[in-house]
Amino acid sequence: DPPPVHHRPGFSRRGGGYYEAPGDSDVNNVWEAFFNTMMTSLDAALCEGWIVSDDFSEPFIQLGMPAIAIIEIALLSRENVGVTVREGLVVTHDMLALDAFADARELFEEVEAVKIALVQSKVEARNEEEFLRKSSLYAGAKEIDNEIPVQRRNQLNAIIAQTQRTAIKMTQKAFYKQQSDELIAEMTRREDFSAT
């Protein structure tokens with residue numbers, strides 16, 4: 001058997017255990033995985049009570065949605081080379097160099113920079129990860145209770161600022177607006193259905 005994807009930079013695993021150079025379909029898979037992470041993160045935030053369905057109409061959610069997905073992906077990627085958008089799908093520097101990834105290149109380089117900041121800051125404690133998730137999601141709109149010392153919180157806030165800058169760039173991409181509107185509509189429908 002070939003080694004897992006994260007040991008083969010620049011290549012993606014296909015059925016049958018063979019590897020092929022990534023192309024347009026891999027870019028689509030990356031974006032699909034990113035938006036799935038966003039939806040999963042929002043589901044988790046709803047379950048944890050961090051947000052309620054009414055928050056989907058609040059301005060902070062437009063920045064919070066991509067920001068929490070960026071943090072989740074950066075946390076998942078800490079142990080790997082590149083950016084792990086989901087288990088088994090890693091965006092590497094070799095992939096980003098391909099023409100098919102031209103529109104995604106800058107964003108995923110910035111997501112990797114967030115990952116590196118997490119690793120360098122030695123973010124491992126559960127309460128710190130939760131702080132990063134909530135802070136990313138709330139985009140400054142809500143206060144977060146925590147027991148993290150001020151100096152450490154300032155270090156984590158630097159990571160949040162970096163995440164939010166990347167999220168802002170993402171929200172300015174044409175494809176993002178349509179996808180995020182569809183995601184919000186889906187989340188609202190699901191919440192309305194579960195409330196009945």
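**Note on the predicted model: helix packing and confidence**

1. Start with Gln-164. This residue lies in helix 6. In this predicted model, Gln-164 is buried, at a relative accessible area of 17%; the cut-off for buried is under 20%. Beyond four places in sequence, the contacts of Gln-164 are Leu-63, Ser-135, Ser-136, Ala-139 and Gly-140. Take Gly-140 from that list. Its C-alpha atom is 10.0 Å from that of Gln-164, with 24 residues of sequence separation.

2. Next, Thr-163, also a residue of helix 6. Is Thr-163 buried or exposed? Thr-163 is buried, and its relative accessible area is 0%. Setting aside neighbours within four places, Thr-163 touches Ala-67, Ile-70, Ile-71, Val-114 and Ser-136. Leu-63 sits 100 residues away from Thr-163 along the chain, yet the two C-alpha atoms are 10.0 Å apart.

3. Helix 6 as a whole. It covers residues 150-171. Its buried residues are Arg-152, Leu-156, Ile-159, Ile-160, Gln-162, Thr-163, Gln-164, Thr-166, Ala-167 and Met-170. Residues three or four places apart in an α-helix point the same way, because there are 3.6 residues a turn. The length checks out. With 22 residues at 1.5 Å each, helix 6 should span 32 Å, and the C-alpha atoms at its ends are 30 Å apart, so the two values agree.

4. Helix 4 against helix 6. Two values describe a pair of packed helices: the angle between the axes and the distance between them. Here the angle is about 170° and the axes are 10 Å apart, with helix 4 running over residues 105-120. Helix 4 is therefore roughly antiparallel to helix 6; the cut-off for that label is over 145 degrees. From helix 4 come Glu-106, Leu-107, Glu-110, Val-111, Ala-113, Val-114, Ala-117 and Leu-118. From helix 6 come Ile-159, Gln-162, Thr-163, Thr-166, Lys-169 and Met-170. By class, the contact of helix 4 with helix 6 holds 8 nonpolar, 3 polar and 3 charged residues.

5. Helix 2 against helix 5. How do the axes of helix 2 and helix 5 cross? They cross at roughly 150° and come within 6 Å. Helix 2 is thus roughly antiparallel to helix 5. On the helix 2 side the contact uses Phe-60, Ile-61, Gly-64, Ala-67, Ile-68, Ile-71, Glu-72 and Leu-75. On the helix 5 side it uses Glu-129, Leu-132, Arg-133, Ser-136, Leu-137 and Tyr-138. The contact of helix 2 with helix 5 counts 9 nonpolar, 2 polar and 3 charged residues.

6. Helix 2 itself. It is mostly covered, with 14 of its 18 residues buried. Its length also agrees: residues 60-77 should span 26 Å at 1.5 Å a residue, and the end C-alpha atoms are 25 Å apart.

7. Two loop residues. Lys-122 belongs to the loop between helix 4 and helix 5. Its phi is positive, about 55°, though Lys-122 is not a glycine. Most non-glycine residues have a negative phi. Lys-122 is exposed, with a relative accessible area of 60%. Asp-145 belongs to the loop between helix 5 and helix 6. Asp-145 is exposed too, at a relative accessible area of 73%. Its C-alpha atom lies 8.6 Å from that of Phe-131, 14 residues away in sequence.

8. The fold in outline. The chain has 7 helices and 4 strands. Read from the N terminus, the order is β-β-α-α-β-β-α-α-α-α-α. Of its 196 residues, 45% count as buried. Take the contacts between residues at least 6 apart in sequence: 70% of them join residues at least 24 apart.

9. Confidence. The chain has an average pLDDT of 77, and 83% of its residues score at least 70. Which element has the lowest confidence, and which the highest? Strand 1 (residues 12-13) is lowest, at a mean of 38, while helix 5 (residues 126-138) is highest, at 90.

Methods:
Residues are numbered from 1 along each chain as its sequence is written. This is a predicted model: local features need pLDDT of at least 70, side-chain atom pairs count only at pLDDT 80 or more; totals for chains, interfaces and linings use all residues. Side-chain values use heavy atoms; hydrogens and water are left out. Axes are lines fitted to C-alpha atoms, for helices over the stretch in contact, and angles run from 0 to 180 degrees between N-to-C directions. Angles under 35 degrees count as roughly parallel, over 145 as roughly antiparallel, 65 to 115 as roughly perpendicular and the rest as oblique. Contact means heavy atoms within 4.5 Å. Ala, Val, Leu, Ile, Met, Phe, Trp, Tyr, Cys and Pro count as nonpolar, Asp, Glu, Lys and Arg as charged, and the others, Gly among them, as polar. pLDDT is the predictor's confidence in each residue, from 0 to 100. The expected span of a helix is 1.5 Å times one less than its number of residues. Buried means under 20% relative accessible area, exposed over 50%, partly exposed in between (1.4 Å probe, protein chains only).
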